[in-house]
Amino acid sequence: MTGHDPHLQTPAGKPRARAFGIAFEGTPGRFNAITDVPGVSVGYATLISGDGPLDVGTGPVRTGVTAILPRPLAELATPVFAGVFSQNGNGELTGSHIIEEVGAFNLPVTITNTHSCGVTRDGTLRWMQRVLPAALDSGWGLPVAAETYDGFLNDINGHHVRFEHVEAALDAASGGAIEEGSVGGGTGMIAFGFKAGSGTASRIVEWQGIRHTVGVFVQANFGKRHNFTLRGARVGPDLVEPAMREGTPRAEKGSIIAIVATDAPFLPHQMKRLARRVPLGIAMTGGFGYHSSGDIFLAFTTANPQAALAPPGQTASAAYIPDVDIDPFFDAVVQGVEEAILNAMVANEDMSGRDGNFVPALPKAWLKNRFG
């Protein structure tokens, strides 16, 4: 919506964490989003339909797809240097093996529900064949697709995410301010017993007079209410209400996927180092990587495209910030992850789903009283 401060509200006017006076460290980018990294874009397809008892294959449906393009459309075949880190591996992120092997990936990233991860992976290849067929003419594609579990609210075994939804999310990818909360792959997700889902944030890091951006996107679906921590205060014990309502018992299947993007020049081992700092931002909110949680993180840099495309038979050159100067970028990751999780929770509303299962939003009145 025009006239809104993107640091305080999403494009649809939903509040973000800063709207309640919550103070964060670091300097955010223009939109306080992963899209502050030049060339990075985000798109969603959100599927919400039906109410009442679960009818597998019919609904209720509370799910979707998130698409993150690491480069502009015409450049999607150009690899980005990257690193992955799994804090707790009870989840999936496809393409991780080749990232571990060569320190790079190309093509878009998708995030969805656990039982639709293969659909979004294959849908990405179908979309690439349509929009940039030359990228697949003489090679193979190993796109990144990640997931978290939304079966408490969603008919997850009904397989409602289809190829057309994947393509819609990819087609919708854009820069600038992006929506948060119950959108895209985050539609049916829960954090600390409150409605959560998609969240983002960014930080500006100046190095040698050059301003670099670190952007974070999370699909937050983790945590136990009593551990919830807000800016250093363990507030979970004070938030027994509003409570979730379980028409069907809720199994512990929480997870969090985090994507870290930057335009700062780093090498693959340094991107893995950034990915390793994501759990520290999660811990700031009270997430401790429990057994059932798939806590898997990807970090990439848009810098050094010429090195990623170096032809055979020639020495490739890549610029990079030395490891001894990396600490401010670690700060940016931790700060961005914490804020992105809180944004996913704040930019949200109550949601009911299958079998009358109900998840409350983090109460806005409580936030106003605490920080107003």
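Proline 60 sits in the loop between strand E1 (41-49) and E2. Helices (H or I, at least four residues) and strands (E, at least two) are DSSP runs, numbered from the N terminus. The structure is a predicted model: local features need pLDDT of at least 70, side-chain atom pairs count only at pLDDT 80 or more, and totals for chains, interfaces and linings use all residues. Residues are numbered from 1 along each chain as its sequence is written, and side-chain values use heavy atoms, with hydrogens and water left out.

The peptide bond that leads from glycine 59 into proline 60 is cis, with omega near 0 degrees. A cis peptide bond also joins glutamate 241 and proline 242, where omega is about 0 degrees. Proline 242 belongs to the loop between strand E12 (233-234) and strand E13 (255-262). Most peptide bonds are trans, and most residues other than glycine have a negative phi.

Histidine 159 is not a glycine, yet its phi is about 50 degrees. Its place is in the loop between E6 and H3. Histidine 159 is partly exposed, at 46% relative accessibility. Here buried means under 20% relative accessible area, exposed over 50%, and partly exposed in between (1.4 Å probe, protein chains only). Arginine 231 has a positive phi near 50 degrees. This arginine 231 lies in the loop between strand E11 (229-230) and E12. With a relative accessible area of 24%, arginine 231 is partly exposed.

Helix H2 covers residues 117-131. The expected span of a helix is 1.5 Å times one less than its number of residues. The 15 residues of H2 should therefore span 21 Å, and the end C-alpha atoms are 21 Å apart, which agrees. Buried residues of H2 are Cys117, Thr120, Gly123, Thr124, Trp127 and Met128. They cover an arc of only 140 degrees around the axis, so they lie on the same side of H2. The arc is that of the directions from the helix axis to the C-beta atoms. An α-helix has 3.6 residues a turn, so residues three or four places apart point the same way. The cover over the buried residues of H2 includes strand E2 (61-69), strand E5 (109-113), strand E6 (144-148) and helix H3 (163-171). Contact means heavy atoms within 4.5 Å.

Arginine 162 lies in the loop between E6 and H3. Its relative accessible area is 42%, so arginine 162 counts as partly exposed. Arginine 162 and glycine 123 are 39 residues apart along the chain, and their C-alpha atoms are separated by 8.1 Å.

Alanine 299 is part of strand E14 (residues 294-301). With a relative accessible area of 0%, alanine 299 is buried. Neighbours within four places in sequence aside, alanine 299 contacts Phe81, Ala82, Gly83, Val260, Met271, Leu274 and Ala275. Alanine 299 and alanine 201 are 98 residues apart in sequence, and 14 Å apart in space from C-alpha to C-alpha.

Pockets and cavities were located on a 1 Å grid over the protein atoms alone. A cavity is a set of points where a 1.4 Å probe fits but cannot get out. A pocket is an open set with protein on both sides within 12 Å along at least five of seven lines. Lining residues have an atom within 4 Å of a point. Grid points are joined across faces, edges and corners, and a volume is the space filled by probe spheres set on the points.

The largest pocket holds about 410 Å³ of space. Of its 17 lining residues, Ala77, Pro79, Ile98, Asn106 and Trp140 are the closest to the centre. Helix H1 (96-102) and strand E4 (104-105) are the elements that give two or more residues to this lining. The lining of the largest pocket divides into 13 nonpolar, 4 polar and no charged residues. Ala, Val, Leu, Ile, Met, Phe, Trp, Tyr, Cys and Pro count as nonpolar, Asp, Glu, Lys and Arg as charged, and the others, Gly among them, as polar.

The count of cavities of 30 Å³ or more is 2. The largest cavity has a volume of about 70 Å³. Its lining includes Tyr149, Asp150, Phe152, Asn221, Arg250 and Lys253. That lining comprises 5 nonpolar, 4 polar and 3 charged residues. The second largest cavity has a volume of about 40 Å³. Among its lining residues are Pro6, Arg16, Phe31, Ile178, Glu180 and Thr200. The lining of the second largest cavity comprises 5 nonpolar, 4 polar and 2 charged residues.
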